[in-house]
Amino acid sequence: LYDKPTGLVENCEIKIQRYDGYTIYECKIPWTEIFKDDYTFDYDSPFRFSALVNDNDGTGRGWIEYMGGIGNPKSVSLFGDMTFVK
């Protein structure tokens, strides 16, 4: 979609914290991991987005997903709109 190969994001910062029984996952992903080098982002248009974190502790694969379209079923039509605020 954005002329980048799909797969694992390796160049990112991840922080996981627990608060009162909730787990908060934060991930800072550089634009270069998502878009090709000369891509110009339009902050006034919605950005279609989904994220998935795999979990396999030896009893089979599970995952948590923000929006949909990556886990099951695989469909970009299930991605959500992310709006940026300046």
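What share of the contacts with a separation of 6 or more in the protein comes from residues 24 or more positions apart? In this predicted model, such residues account for 35% of those contacts.

From the N terminus, the order of elements is β-β-α-β-β-β-β.

Burial and surface were computed for the protein. The chain holds 86 residues, of which 13% are buried. The exposed surface comes to about 7300 Å². Carbon and sulfur atoms supply 52% of that area.

For Cys-12, the closest cysteine sulfur is that of Cys-27, at 4.0 Å. A disulfide requires the two sulfur atoms to lie within 2.5 Å. The sulfurs of Cys-12 and Cys-27 are therefore too far from each other for a bond. Cys-27 likewise has the sulfur of Cys-12 as its nearest cysteine sulfur, and Cys-27 is in no disulfide.

The accessibility of both residues was also computed. Cys-12 has a relative accessible area of 25% and is partly exposed. Cys-27 is partly exposed as well, with a relative accessible area of 46%. The partly exposed class spans the range between the buried limit, under 20%, and the exposed limit, over 50%, so Cys-12 and Cys-27 both belong to this class.

Terms used. Residues are numbered from 1 along each chain as its sequence is written. This is a predicted model: local features need pLDDT of at least 70, side-chain atom pairs count only at pLDDT 80 or more; totals for chains, interfaces and linings use all residues. Side-chain values use heavy atoms; hydrogens and water are left out. Helices (H or I, at least four residues) and strands (E, at least two) are DSSP runs, numbered from the N terminus. Buried means under 20% relative accessible area, exposed over 50%, partly exposed in between (1.4 Å probe, protein chains only). Contact means heavy atoms within 4.5 Å. Accessible areas come from the Shrake-Rupley method with a 1.4 Å probe; for residues, only the protein chains shown count as cover.
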